[in-house]
Amino acid sequence: MATVTFKKVNKVYSGNAHIVKDFDLDIESGEFVVFLGPSGCGKSTTLRMLSGLEDITSGEVLIDGEVVNELDPKERNIAMVFQSYALYPHMTVEENIGFSLKMEGKKKLEIEKEVRRVSDMLQLTPLLKRKPKALSGGQRQRVAMGRAMVRTPNVFLFDEPLSNLDAKLRNSMRAEIKELHKKNKKTTVYVTHDQVEAMTLADKVVILRDGVIEQVGTPYEVYHQPVNQFVASFIGTPSMNLIQGKLIHEHGIWCILIGEQKIILNKLIDINRNGEMVTLGLRPTDLFTVSKDGMTSINLSVVSCELLGSTQQINARICNQSFVAEIDSDISVNGIEDIELFFQPQSCHLFDGDGRVI
């Protein structure tokens with residue numbers, strides 16, 4: 001196992017395209033860290049700088065305390081699984097998995113032993129004599145993982161390995177990757193734009209936007225305690241509702257005024273913010289049709305309703321702003337034009353004009 005450290009790492013391409021900006025991060029030994037963000041945010045570029053496939057413009061990358069900026073990829077003791085399987089089509093599964101060991105000059109019996117160990121772990125043993133064209137997408141991805149694992153590296157790198165698979169295969173492969181990390185306890189850095197992968201796999205999530213780290217935290221922290229409006233809106237499906245209104249302090253109680261509707265917040269807020277325009281964040285899943293002790297209400301105009309199975313999505317509006325609520329499907333809202341929903345004040349989020357959490 002190994003620690004990984006980024007110190008003020010930058011990547012600038014020709015034309016002054018600054019892709020990664022002052023990237024600072026410490027990854028503990030054995031940790032599973034996911035880089036998450038929209039396309040073009042710099043997550044794959046950062047991974048490639050760690051692997052040695054991309055030069056670093058400035059800053060340092062350290063593996064186990066050693067600066068590796070000038071080391072070739074093969075000298076870093078890392079293994080990488082790509083989005084494209086990158087298998088040799090003329091080789092069998094067994095030959096693909098054992099190829100790196102063969103290049104290292106390992107003896108045939110040693111190669112066979114290591115290939116069998118990995119293939120047993122990945123449930124590939126019955127497929128060892130097949131060639132890639134005879135495999136499904138999920139099987140090919142497991143072969144790509146096996147080729148990385150056979151070398152027992154200190155650090156595993158995954159660059160969107162599941163994006164070419166269908167939804168069912170992605171679910172099963174996620175479970176397999178999680179189980180493998182649990183067994184091997186290897187330091188793992190995983191790149192994805194899929195928040196479900198990030199939330200289910202990661203010990204720590206690094207959320208990126210335009211080459212800058214927006215937040216680092218556990219899946220629980222980035223979901224329940226977003227530090228800014230971007231993180232709040234990026235994490236969660238359906239996306240968090242973001243409604244603009246004015247903060248008002250009346251009779252010792254903080255409210256947000258949205259149109260003519262006052263919504264009680266019951267939050268501790270700096271009195272200097274009285275009258276300030278802010279954004280209220282509410283997750284669709286944090287809304288209920290029945291009030292309980294301490295809950296706050298919000299009134300909405302219903303636009304449409306979509307059945308999702310065990311839940312239904314209500315598309316609504318409040319003061320000409322779109323709003324989505326997800327409630328139990330056994331609650332009838334057909335023909336209803338207006339609805340009152342309830343939420344716990346602690347489940348809402350407030351953001352200032354710059355998008356920072358209040």
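**Inside the cavity**

By class, seven nonpolar, three polar and one charged residues line the largest cavity; Ala, Val, Leu, Ile, Met, Phe, Trp, Tyr, Cys and Pro count as nonpolar, Asp, Glu, Lys and Arg as charged, and the others, Gly among them, as polar. The model is predicted: local features need pLDDT of at least 70 and side-chain atom pairs 80 or more, while totals for chains, interfaces and linings use all residues. Residues are numbered from 1 along each chain as its sequence is written, and side-chain values use heavy atoms, without hydrogens and water.

On a 1 Å grid over the protein atoms alone, a cavity is a set of points where a 1.4 Å probe fits but cannot get out; a pocket is an open set with protein on both sides within 12 Å along at least five of seven lines; lining residues have an atom within 4 Å of a point. One cavity of 30 Å³ or more is found in this way. The volume of the largest cavity is about 100 Å³, counted as the space filled by probe spheres set on grid points joined across faces, edges and corners.

Who stands around this space? The biggest contributor is α5, which gives four residues.

Now for the open spaces. The largest pocket holds about 500 Å³. Of the 17 residues that line this pocket, I78, A79, M80, F82 and R151 lie nearest its centre. By class, the lining of the largest pocket has twelve nonpolar, two polar and three charged residues.

The second largest pocket has about 240 Å³ of space. Around this pocket you will find M91, E94, E95, G98, F99, K102, K108, I111, E112 and V115. Here α2 and α3 (108-121) are the elements with two or more residues in the lining, and α2 has the largest share, with five residues. Its lining divides into four nonpolar, one polar and five charged residues.

As for the strands, β1 (residues 4-13) pairs on two sides of the story. With β2 (residues 17-27), β1 runs antiparallel and is joined by seven bridges; two strands pair if DSSP finds at least two bridges between them. In this pairing K11 stands opposite V20 in β2. Three residues separate β1 from β2 in a hairpin, and G15 in the turn has a positive phi of about 85 degrees. With β4 (residues 58-63), β1 also pairs in the antiparallel sense, over five bridges, and V4 stands opposite I63.

Finally, T279 sits in strand β14 (residues 277-282). Apart from neighbours within four places in sequence, T279 contacts Q229, L242, I243, Q244, H349, L350 and F351, where contact means heavy atoms within 4.5 Å.
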